Amino acid sequence: TGHTERPLKARWSDLAMEEVRPGVSRCGFGNERVMLVMNRLEPGMEPRPHSHDFEQIALVVEGTVRFTVDGETYDVSEGEVLLIPAGAQHFGEVLGERPALNLDVFAPAREDYMHLLEWMAAHRGVDR
């Protein structure tokens with residue numbers, strides 16, 4: 001069959017959120033090849049501009065996030081997605097009075113986020 005991992009099902013609401021800084025928390029799901037990261041952003045959180053050498057797809061699940069990418073703003077609401085190119089400086093801010101949830105897709109998975117997947121090792125059977 002060519003693969004050794006078994007399927008693993010989880011509910012986002014059951015995953016432990018990691019606090020990144022005040023107003024920002026996240027949890028993850030995936031493996032070393034692809035990773036989903038759910039971010040919870042609170043109104044008034046401090047934006048932190050950054051860039052990285054890989055593409056990022058951001059899907060807003062709840063609320064509205066104003067993404068600034070290379071100086072241009074994009075208001076992304078529930079059900080909308082944004083492709084952030086590799087190397088682009090970017091950050092997000094919550095619009096409105098309620099928290100926002102955005103789901104990021106990273107392929108390959110971010111090495112600096114692999115700790116978010118440690119819980120999966122105890123729940124995933126691997127045939128050897």
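This is a short tour of a predicted model, stop by stop, with something to select at each one.

Before you start, note that residues are numbered from 1 along each chain as its sequence is written. In this predicted model, local features need pLDDT of at least 70 and side-chain atom pairs count only at pLDDT 80 or more, while totals for chains, interfaces and linings use all residues, and side-chain values use heavy atoms, with hydrogens and water left out.

**Stop 1: the largest pocket**

Select Arg-21, Val-24, Asn-39, His-50 and Tyr-113. Of the 21 residues lining the largest pocket, these are the closest to its centre. The volume is about 410 Å³, meaning the space filled by probe spheres set on grid points joined across faces, edges and corners. A pocket here is an open set of points on a 1 Å grid over the protein atoms alone, where a 1.4 Å probe fits, with protein on both sides within 12 Å along at least five of seven lines; lining residues have an atom within 4 Å of a point.

Now colour strands S1 (18-21), S2 (24-30), S3 (35-41), S8 (90-95) and S9 (100-106), which each give two or more residues to the lining. Strands are DSSP runs of E with at least two residues, helices runs of H or I with at least four, numbered from the N terminus.

**Stop 2: the nonpolar cores**

Next, pick Leu-41, Val-65, Phe-67, Val-69, Leu-82 and Ile-84, the residues with the most contacts inside the 14-residue largest nonpolar core. Such a core is a set of buried Ala, Val, Leu, Ile, Met, Phe, Trp, Tyr and Cys residues joined through side-chain atoms within 4.5 Å. Buried means under 20% relative accessible area, exposed over 50%, and partly exposed in between (1.4 Å probe, protein chains only). Strand S5 (64-69) supplies the largest share, three residues.

Centre on Leu-82: beyond residues up to four places away in sequence, Leu-82 touches Phe-67, Val-69 and Tyr-74, among others. Contact means heavy atoms within 4.5 Å. Then show Phe-106, Ala-109, Tyr-113 and Met-120, which are among the eight residues of a second, separate core.

**Stop 3: His-115**

Select His-115, in the loop between S9 and helix H1 (118-121). Is His-115 buried or partly exposed? His-115 counts as partly exposed because its relative accessibility is 34%.
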